[in-house]
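This briefing covers selected features of one structure, grouped by topic. Please read it alongside the sequence and coordinates shown here.

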Amino acid sequence: MTRRVEPLALASVALAAVVASVWLDLATSGAERAAARTEPATATALPGLLLAAAATAVLLARPRDRVGRVLGVVAVVWTVDGALYGWAAYAPAHGLPGADLAYWFVARFGAFLLSGLVALLLLYPTGHLVAGPWRRVAVGALVASAALPVMLLLAPDAVLFTSGEPVGSTELVSLPVTDPTAEVLLHLAQVLTFGSVVAAVGLLWVRHRSADAYERTQLRWLLWAGVMCVLMVLASATLSVGGTVTTVLLDLAVAALAVSVTVGLVRPGWGDVDALVAWTLTTAAVAVVVVAVDLAVLAAGTSLLGDRLDEREVTVVVLLLAVVVYGPLRTWLGGLVRRVLLGGRGDRYGAVSGLAARLETTHGVDELLPALAAAVAETFKVQHVRVEVLAPDGGLLSAAHGTPPAEVQQVDIAYQGEPVGRLVLPVDGFRSMLSHRDRGLLVDLVRQAAIAIRAGLLAEELQDSRERLVLGREEDRRRIRRDLHDGLGPALGGVALRLQAAGNAIGDDPDRARELVELARAEVRDALDDVRRLVHDLRPPALDDLGLDAAVRQQAERLGAEVAVEVRTDGTAGLPAAVEVAAYRIVSEALANVVRHARATRADVCLEGGATALTVVVADDGRGIAPEVSAGVGLLSLRERAEELGGRCEVTCPDSGGTVVHAVLPYGGGVGDTGREGEPR
């Protein structure tokens with residue numbers, strides 16, 4: 001409850017001052033205000049009520065926040081200034097005291113609102129002045145902001161009111177100097193105070209450069225308020241109107257400030273501030289250009305036709321020209337300004353189709369990535385873009401366009417929940433502000449290019465796989481030919497010669513014939529061993545003799561003395577021969593790695609056949625694989641055996657310890673198991 005006292009008291013004072021302003025306006029006639037040379041007080045007090053609402057919201061969410069307190073003081077002074085403005089007209093008309101004090105507050109003390117604005121800019125959003133060497137500049141700006149208000153408190157009426165003396169006296173305290181000296185001091189104070197505003201804005205830029213992402217979002221909310229205030233001032237100066245229009249523009253500027261400060265301090269992540277700033281700046285630029293051309297066309301039409309046609313006819317002709325000729329031109333002009341400021345991000349389809357056309361003319365991955373970087377740079381009008389795309393093998397491909405700036409931001413791109421890559425863009429600059437729509441466009445661009453790049457990489461990998469298969473097949477053929485020609489062929493030839501010699505010697509020397517037959521028999525046994533070795537290299541005989549289930553269990557039993565191995569199988573009957581060989585080789589290699597490197601005490605082997613794939617899992621409780629260890633021949637062979645069948649093999653080290661080899665070997669329609677996350681080693 002104590003935390004609510006301050007904001008509720010603030011809101012009550014501001015609301016009471018506005019209510020008083022309304023009552024004084026209703027109780028004061030137009031003639032009485034004209035005699036006092038004042039305007040309606042409500043219009044003066046209402047912006048302060050907007051700031052009071054913002055300060056109340058900030059202090060309720062962030063009690064004792066310095067920025068909220070400064071905003072609250074500004075709001076109270078503003079609303080009280082409005083109420084006293086009404087009292088300055090009401091009191092003289094009804095013979096009540098306090099008119100001089102009201103005049104003094106409005107004409108002199110109200111200038112401290114400018115110092116409050118400087119303090120707000122210097123403290124936002126952390127409540128502290130900027131750190132480092134710029135802190136002295138901030139202190140100097142804060143002191144300089146009080147120069148004009150202090151001088152207004154001390155300047156004589158003759159210097160302050162150059163158009164004539166005010167209705168009531170405002171000289172409570174005056175400087176003991178001559179009027180010319182006071183005038184010089186007043187001008188010097190104006191320079192110092194308005195210079196402090198410029199310095200405060202510059203320090204916001206300094207704070208933005210060293211801020212983190214959260215604080216930068218808060219500062220961009222204030223940037224949007226600043227843009228809105230500048231636009232309102234320019235609109236008021238361009239329209240050259242006063243009264244109600246100027247009051248409405250001022251209220252809009254203050255409302256923008258109140259909303260931006262509240263959202264920036266309480267919930268900066270609410271809404272897309274970058275899109276809001278970009279839309280505001282773009283709309284303002286389009287409006288300025290269009291209004292300027294409108295005035296030029298109107299002036300040219302009036303000068304050319306003014307002497308020949310009356311006012312009504314000139315109006316009709318100008319309207320016709322505007323509808324028939326200038327309407328399309330104006331639309332084109334607005335689009336041109338948006339393209340100059342923001343690039344082609346507004347034309348989502350055009351950006352994607354343009355990239356597609358560019359990708360069609362490029363060949364190879366080395367050309368695709370630079371084309372994507374250039375397309376993003378042109379679409380978003382940024383000076384630097386670096387594109388990084390994840391390759392299917394887990395590597396990273398990148399290409400850059402332009403000179404890298406001092407600070408960059410990364411935009412991660414994902415497709416179907418999996419990372420595709422990232423974009424690296426500049427942090428600073430109006431064009432570097434990315435709305436949610438811009439990020440969606442980036443996703444579309446990178447996703448389309450990533451698909452093309454991955455397709456190219458897969459095509460290259462497929463070609464390499466085909467080449468390896470052809471080379472492997474020819475190597476096997478050459479090895480078999482060499483073994484048959486150099487080993488089995490001569491051995492059988494020697495057997496034939498010995499048998500021939502034995503046949504010749506059987507009549508004359510039976511003992512020699514028997515000796516030759518025995519030698520031939522030994523050579524036949526060696527030849528049979530060579531044949532078995534050749535057959536074993538083509539396909540493990542245990543698969544044909546025992547089947548996959550029993551062959552894997554036999555392999556596990558051979559390692560039982562060193563590691564306890566448990567085998568579980570399901571649905572392994574009737575598998576294609578290639579799948580059986582790959583599964584057997586993967587299990588054998590994985591168990592061999594367990595014995596050689598894992599220092600494990602237990603290993604679990606699981607083979608589970610599904611409708612379209614066989615899942616092979618070999619898990620141990622060993623020491624795992626260190627991150628810095630590179631993949632050896634054994635681990636690479638595991639992956640290659642799975643990929644030969646269109647499957648995959650992943651080796652992971654879970655947090656619980658050990659190593660898990662997870663392979664999916666498809667047969668039939670496709671891979672039935674999505675597998676586990678992790679990168680193969």
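Helix axes are lines fitted to C-alpha atoms over the stretch in contact, and angles between N-to-C directions run from 0 to 180 degrees. The model discussed is predicted.

**Helix 7 and helix 10**
- The axes of helix 7 (residues 135-144) and helix 10 (residues 179-210) come within 8 Å, crossing at roughly 145°.
- This crossing of helix 7 and helix 10 is left-handed.
- On the helix 7 side the contact involves V137, A138, A141 and A144, which meet L192, T193, S196, A199 and L203 of helix 10.
- The contact residues comprise 7 nonpolar and 2 polar, with no charged residue.

- An open sheet of 5 strands shows mixed pairing and the order 5-6-7-9-8.
- Strand 5 (564-570) and strand 8 (648-652) are at the edges and have a single partner strand each, so one side of each lacks a neighbour in the sheet.
- From one strand to the next, the twist averages 10°.
- Strand 5 and strand 6 (residues 602-609) run parallel and are joined by 7 bridges; E566 has D604 in strand 6 as its bridge partner.

**Helices packed on the sheet**
- Helix 20 (residues 548-558) touches strand 5, strand 6 and strand 7 (613-620), and its direction makes about 175° with that of strand 5.
- Helix 21 (residues 577-598) touches strand 5, strand 6, strand 7 and strand 9 (660-666), and its direction makes about 10° with that of strand 7.

**Aromatic residues**
- The count of aromatic pairs comes to 5.
- One aromatic cluster is formed by W104, F105, F109 and F112.

Technical notes. Residues are numbered from 1 along each chain as its sequence is written. This is a predicted model: local features need pLDDT of at least 70, side-chain atom pairs count only at pLDDT 80 or more; totals for chains, interfaces and linings use all residues. Side-chain values use heavy atoms; hydrogens and water are left out. Two strands pair if DSSP finds at least two bridges between them. Helices (H or I, at least four residues) and strands (E, at least two) are DSSP runs, numbered from the N terminus. Contact means heavy atoms within 4.5 Å. Rings of Phe, Tyr and Trp (its six-membered ring) pair if their centres lie within 6.5 Å; planes under 30 degrees apart count as stacked, over 60 as edge-to-face and the rest as tilted. A crossing is left-handed if the near helix is turned anticlockwise from the far one by less than a right angle, and right-handed if clockwise. Ala, Val, Leu, Ile, Met, Phe, Trp, Tyr, Cys and Pro count as nonpolar, Asp, Glu, Lys and Arg as charged, and the others, Gly among them, as polar.
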